[in-house]
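Dear colleague,

Please find below the structure that I promised to hand over. My notes on it follow.

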Amino acid sequence: MPVAASAIYFLNLRGDVLINRTYRDDVGGNMVDAFRTHIMQTKELGNCPVRQIGGCSFVYMRISNVYIVTVVSSNANVACGFKFVVEAVTLFKSYFGGAFDEDAIKNNFVLIYELLDEIMDFGYPQNLSPEILKLYITQEGVRSPFSSKPKDKPVPNATLQVTGAVGWRREGLSYKKNEVFLDIVESVNLLMSSKGNVLRCDVTGKVLMKCFLSGMPDLKLGLNDKIGLEKESEMKSRPAKSGKTIELDDVTFHQCVNLTRFNSEKTVSFVPPDGEFELMKYRITEGVNLPFRVLPTIKELGRTRMEVNVKVKSVFGAKMFALGVVVKIPVPKQTAKTNFQVTSGRAKYNPSIDCLVWKIRKFPGQTESTLSAEIELISTMGEKKSWTRPPIQMEFQVPMFTASGLRVRFLKVWEKSGYNTVEWVRYITKAGSYEIRC
């Protein structure tokens, strides 16, 4: 649901109204007085950015020395409201030469009123792209004397930009070598018991792209996700090919993705922005391939000695390897001396974080490494407190491996001029919260 704002106010730090715009008649004109009385004068600005007063919700944000307050009379999407404010401030800065403060508002109130009428209609957000709005709101703002930002260049082919709704890409781009780089970057979040049982596990991933393509190309991306393969087999009237399918959860796309085609054909089709951008984000909770298994054994031998044995096994393919592997093994605060041996890498005791830090620069697949340590503790005369045994933490990065099993089946580029493209695909898996209880 959109934000459906009833009114928007711009206030200075004293609570004076600099500029305001009312979009609906379901709120009174004294709403700003309620905000000033119940929030600003009671010094509760830092407690919560959303407050309800008299049946209305106040969504507010401070930018420089200006408070932007959105008044909503219904149960609206607050995240959309904050997103609108952030994008609106970016738009104002592009007109004002990079500055947005009380002076900039006072110097450009006519332009701000014109922009407010364009970017919100009856309380619903509209197009906030500076590139598109500058095509038909050509008035220049009064630039701050402290701004050194150069003026934006005009965008060619205004008709295509306005009617084609491709505000993220301009026409006329040309490259000698047309290339597309695609990275699938995943973070593994794991909580495992000391016996090797998985207590919690999920993968958050994102598809990053870097496009250097001429003209206005149309790209199609095919993944081995379950819904997409089922739709493809249905359209081709034959069973889907054998192989692992992935069920994606919580998928969000960049605005360039054609959602209508995705809903009907389950194909990620888009006209990409120029340069680097995030195409999509997703989460996976089932069928996760863990890159490492950690088997710890910790024995407390009386009050002054401990023995620690940690075995780390790499589960990914033998032709792969992990980089920058770091294993942090917690020890008690009263640790006095450590003596350990490792089969690979280097280890040392770090008293500032009360951990044995074991680093392995390159960890091949289908291998295992072991750390064995003897720890001497300081004996205290006071009452002994039981050691809570914090979990072991891991950091790593595994190139060309995905914990979810997600793979790119195809990446097609079509452009009316028919030029050839070079596609590069890379996979990276990193540790998010990778913890093993001792």
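I begin with one pair of residues. Glutamate 102 and lysine 106 are four residues apart in helix H3 (residues 102-107), which means that about one helical turn separates them. Helices (H or I, at least four residues) and strands (E, at least two) are DSSP runs, numbered from the N terminus. The side chains of these two residues, glutamate 102 and lysine 106, form a salt bridge, with 3.1 Å from N to O; the term requires a side-chain nitrogen of Lys or Arg within 4 Å of a carboxyl oxygen of Asp or Glu. Glutamate 102 is buried, at 12% relative accessible area, whereas lysine 106 is partly exposed, at 47%. Here buried stands for under 20% relative accessible area, exposed for over 50%, and partly exposed for values in between (1.4 Å probe, protein chains only).

Please note that this is a predicted model, in which local features need pLDDT of at least 70 and side-chain atom pairs count only at pLDDT 80 or more, while totals for chains, interfaces and linings use all residues. Residues are numbered from 1 along each chain as its sequence is written, and side-chain values use heavy atoms, with hydrogens and water left out.

Overall architecture

The protein chain has eight helices and 23 strands. Of its 438 residues, 43% count as buried. Among contacts (heavy atoms within 4.5 Å) between residues at least 6 apart in sequence, 70% join residues at least 24 apart.

Helix H1 (residues 31-40) is mostly covered, with seven of its ten residues buried. These are Met31, Val32, Ala34, Phe35, Arg36, Ile39 and Met40. The elements that cover the buried residues of H1 include strand E1 (7-12), E2, strand E3 (50-53), strand E4 (56-63) and strand E5 (66-72).

Charged side chains

Side chains of opposite charge can pair when their charged atoms come close. By the salt-bridge rule, the count comes to 13 salt bridges. Among them is the pair of arginine 21 and aspartate 117, whose side chains meet at 2.6 Å, N to O. This pair links distant parts of the chain, since arginine 21 belongs to strand E2 (residues 17-22) and aspartate 117 to helix H4 (residues 109-119), 96 residues apart. Both partners fall into the partly exposed class, arginine 21 at 26% relative accessibility and aspartate 117 at 41%.

A further salt bridge joins aspartate 16 to arginine 14, with the closest N and O atoms 3.1 Å apart. Aspartate 16 is partly exposed at 35% relative accessibility, while arginine 14 is exposed, with a relative accessible area of 60%.

Which contacts does glutamate 415 make? This residue lies in the loop between strand E22 (408-414) and strand E23 (422-436). Leaving aside residues up to four places away in sequence, glutamate 415 touches Ser214, Gly215, Met216 and Pro217. Its side chain reaches the backbone nitrogen of methionine 216 at 3.3 Å. A polar contact of 2.5 Å also joins the side chains of glutamate 415 and serine 417. A polar contact is a pair of N or O atoms within 3.5 Å; within protein, one must be able to donate a hydrogen and the other to accept it, and residues adjacent in sequence count only if both atoms are side-chain atoms.

Aromatic side chains

The structure holds 13 aromatic pairs. The rings of phenylalanine 92 and phenylalanine 96 are stacked, because their centres are 6.0 Å apart and their planes are at 10°. Rings of Phe, Tyr and Trp (its six-membered ring) pair if their centres lie within 6.5 Å; planes under 30 degrees apart count as stacked, over 60 as edge-to-face and the rest as tilted. Phenylalanine 92 and phenylalanine 96 are four residues apart in helix H2 (residues 78-96), so about one helical turn separates them. Both phenylalanine 92 and phenylalanine 96 are buried.

Phenylalanine 181 and tryptophan 424 are also stacked, because their ring centres are 6.3 Å apart and their planes are at 10°. Phenylalanine 181 lies in strand E8 (residues 179-192) and tryptophan 424 in strand E23, so the pair ties together parts that are 243 residues apart in sequence. Phenylalanine 181 is partly exposed at 29% relative accessibility, as is tryptophan 424 at 45%.

Finally, Phe292, Phe316, Phe363, Phe396, Phe401 and Tyr434 form one aromatic cluster.

With kind regards
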